Amino acid sequence: MQNRNFIKIIALVFAVICLYQLSFTWIADKVENDAAEYAETFNEDEREIKVKQYLDSINSEEVYDIFIAQYTYSDCKQRELNLGLDLKGGMNVTLEVMVVDVIKALANNSNDEIFNTSISNALKAQEDSQDDFVTLFGNEYEKLSPNNGLAVIFTSQLKDKVKISAKNNEVIDVLKLEVEDAISRSFNILRSRIDRFGVTQPNIQRLETAGRILVELPGIKDPERARKLLQSTAQLEFWETYEYRDLFQSLENVNLYLKEKNVNSDSLLNNQEDSEEDLIVEDKKEDISEDEIDNLLEESDLLSDLDSDSLISDSAESLSFEEFAIDNPLYAVLYPNVDQQNQIQEGPVVGFCAIKDTSVLNSYLSDPEVNKLLPVDVKFAYTVKPYDSEERFVQLVALRVTNRDGKSAMEGDVVTDASQAFGQYNSSAEVSMSMNQEGAKQWKRLTADNIGKSIAIVLDGYVYSYPTVQSEISGGRSSISGDFSVNEAKDLANILKSGKLPAPARIIEEAIVGPSLGEEAISSGLTSFIFALLIVLFYMIFYYTRAGIVSNIALLANIFFIFGVLSSLGAVLTLPGIAGIILTIGMSVDANVLIYERIREELTNGKGIRLAISDGYNSAYSSIIDANVTTLLTGIILYIFGTGPIKGFATTLVIGIVTSLFAAIFITRLIISARLNKGKEMTFSSKLTEGAFKNINIDFIGLRKRFYIVSSIIVLLGVGSLLTKGLNYGVDFVGGRTFVVRFDDTVNNEELRSELSDVFIDNEGLKYNPQVKTFGDNNQVKITTSFMINNNDVSTDKIVEDKLNEGLKTSGLEYEIMSSQKVGPTIADDIKDAAVWSIIFSLLIIFMYILLRFRKWQFSLGAVAAVFHDVIIVLSIFSVFYGLLPFSLEIDQAFIAAILTIIGYSLNDTVVVFDRVREYMNINKKKEIHEFMNSSLNSTLSRTINTSLTTFFVLLVIFIFGGEVIRGFMFALMVGVVVGTYSSLFIASPIMLDTISAKKDNHKK
């Protein structure tokens, strides 16, 4: 072997680098084990906190010394092998900055009809387009106003950047820069918030799609807290307020007007109407009873002795609540802030509203005629937290508009710092704020002008507190109190300190994996990994004896290299990533099988062992390179178009292909050469396998028409199923929400579906019927629903979860939500488009590569036809059997990953056969191709069967032990291996032969 010493040096350096990179994982794991042992001495409910405290205490301490460098625990954590959220639990979200709000703000919320129509049209166009929103807006505006006009709309806010004479396209260019700046600032603000959130190893990155940001929060246990942190715009405002007594008569007039208007109170009380500005709330579909009013009033310090009868008034004591609502439509939904003697209370709170009635109250207060009865400078806002312990009522606070532009007296941009603190006179958590010099002046003036009155502190449209000013406050210090928990106060301080987002950010995709499911994924992944490895190791020794031992050494080295490279690149190991490594184990033996089969052929031809080995390696190189390059190309395409765990699968697959080539070609050659140099025996078969696949002469070409018919029938039946039954598309492609729920006992799916249907009802009364399917064991189900998926309100996810829990509780069983996923309609379209393009690009690139390597388009056509055949059959099987097999056959991102892997594998098989055909063509140039086609297929049959069997059994092990999450993924790959092996023998080569023969026949004519 030439350059043997150079290869040894490369292998040694590679091994040392991998060992160095993986050592950080071992050290970090050791420290964490020490922390766990330390925590064991405490009570169980304290252990988690103690582990965190222990790790925090040694975060900057030196824990690893390699003589030339020293590393702290923090350094080791940054360099360790990262586990994906599906293995350790956590939350993965994709946020989209609402660019439309940036455009509206830059236009100063223009009322221009063409502008607003263009905005609406652009939003509709965005649903089916890959262009950014600004481009779509520019196109829509150009359609309506081709003679320019945009400059007039934006000059007030962008007067230094947009001239009045600017053309539409020039304005759009400026808007793109402004939007990009807003997105960048949003990204930096979100990163600042996340850094202070206290999660270990969070990840935030901008995605290629404009305005989208990926956030990963490992180990998070309170998703709703994270959602608030990520989606809060931090629009902090300080408002002067109205006293309720100053508005009492106006509200009486409003009540009288509504009564005279003869409002249909029944429909209003049942909350049948909603608007975009309504507070999204849980709709109980029931009236508020007098008992509930009593409960609310009993919890109020101001109204401790008041009952519902006195609230309704003496004249209404004998009336039912419904009758009272007809005479007093306003007070039926807004309970006045009065005491036992019906005396108006001090302060800006005008009353209490049941959360489910806020949409009704909003519709009253937005009525133009009602606004005429109220002072022109009054504005209302709800308190952020419910007022009662049952969380059914919020307070309505009256704000006073003191600026001509309708804005608050002070903005939050003057806040320079914020921190969680405790109240001076009680132990409740609050937020302490400090302001800059200009803010201190404004605050001093504002408090001086409102002594004895309340100032409302409003964040993102909700009142957090409304303290009464006792005296002028100087120095720019203030605080926000509001019955906060410590975490709530910390998060609020974090949001304020990080600053205001230039535009709202909304979660359009979300995946949550519980810690217990992550532990199970690690366990199942490790189990399947060990079993698959043992099968391959045993099989290679059984079939190739001593040569099999050499290939096993190379295989173990390959696994070591894969983990080392993953750690070096900072890549994330996911459950599909483990599947990718295991698949690589099955496929990595392919190179050794090709080499060993070639060596066995040379030995059969009478060559000596050294010459046979040399010629065997040289002859196999071409097939090995071609076969692996085709798989590598599909892996790269999968990495480019894939997201999340699927990208993890592609990463390990690509790394595994490269390292397996190095291990299979060079490491095995080094070991075999070393053994021969020492005079030791080297065998490539046992007595049982020595004659395997020899003297086989199957007439593949003669049988091709029969298999054409078989394949045609299968494909036609499959297409029929695809056209009639269709496919079971997952939420990745259609949008929606899924929840994996585990009960402590078997659950009736149909009864559960019915109960969930009764709670998944929107504000218009539309009922959403979810899918409820067994997922794994009989006590675990997967729930899929589109309930409220189009609603981008911040509180939507919490509402859906509350509704889900309400329905699950009716089962009477204990349960745990193991994982959840949310995919918005827009991103679902993007995923679908990416899937289609990834497959098209794969086929195109493969066609070009084979054409380049084999110089005949017939080879490319045969390969692509075989791949197309394989994809159609796999799709058909998923269509025919979904709903019949006891595991998920959803068409999702994982399935697309499987399809691309099948494409790569099928080509791997096909290219090996084609390579032998090309070899025979070069040797027998005077013979016709059909004369040696059967010889090519028969001579590679041993390699085809060996590789297919090892790969199939590896996949079968993952299918059995790898867990329910990837079972459908593995099933697709198993089908693909079988179909791919079949097509390489009976489809690809025959089509290639027939097209070449047809061309020659045409030339003869």
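Predicted model: local features only at pLDDT ≥ 70, side-chain atom pairs only at ≥ 80, totals over all residues.
A residue is called buried when its relative accessible area is under 20%, exposed when that area is over 50%, and partly exposed in between.

Side chains of opposite charge can pair when their charged atoms come close. In this structure there are 38 salt bridges, and R546 takes part in one of them with E681, where the closest N and O atoms are 3.6 Å apart. This pair links distant parts of the chain, since R546 belongs to helix α20 (residues 515–569) while E681 sits in the loop between α23 (644–677) and α24 (704–724), 135 residues apart.

A salt bridge between buried side chains can be found at D797 and R227, which meet at 3.6 Å, N to O, and both of these residues are buried. D797 lies in helix α27 (residues 796–809) and R227 in helix α10 (residues 223–231), so that the pair links parts of the chain that are 570 residues apart. The two residues also belong to one network, in which salt bridges that share partners join E224, R227, E510, R737, D797, E801 and K822.

Another salt bridge is formed by R598 and E919, whose closest N and O atoms are 2.3 Å apart. Because R598 lies in helix α21 and E919 in helix α30, the pair ties together parts that are 321 residues apart in sequence. R598, at 6% relative accessibility, counts as buried, whereas E919, at 24%, counts as partly exposed.

Rolling a probe the size of a water molecule over the atoms shows where empty space is left. A search of the whole structure finds eight cavities of 30 Å³ or more, and the largest cavity holds about 90 Å³ of space. R598 is one of the residues that line this largest cavity, among them also L594, E597 and E601, together with A620, S623, V912 and R943. Helices α21 (575–604), α22 (609–641) and α30 (893–923) each supply at least two residues of the lining, and α21 gives the most, with four residues.

Terms used
Residues numbered from 1 in each chain as written. Heavy atoms only, no water. 1 Å grid on protein atoms, 1.4 Å probe; cavity = no way out; pocket = protein on both sides within 12 Å on 5 of 7 lines; lining within 4 Å. Points joined across faces, edges and corners; volume = space filled by probe spheres on them. Salt bridge = Lys/Arg side-chain N within 4 Å of Asp/Glu carboxyl O. Buried < 20%, exposed > 50% of the residue type's maximum accessible area, 1.4 Å probe, protein only.
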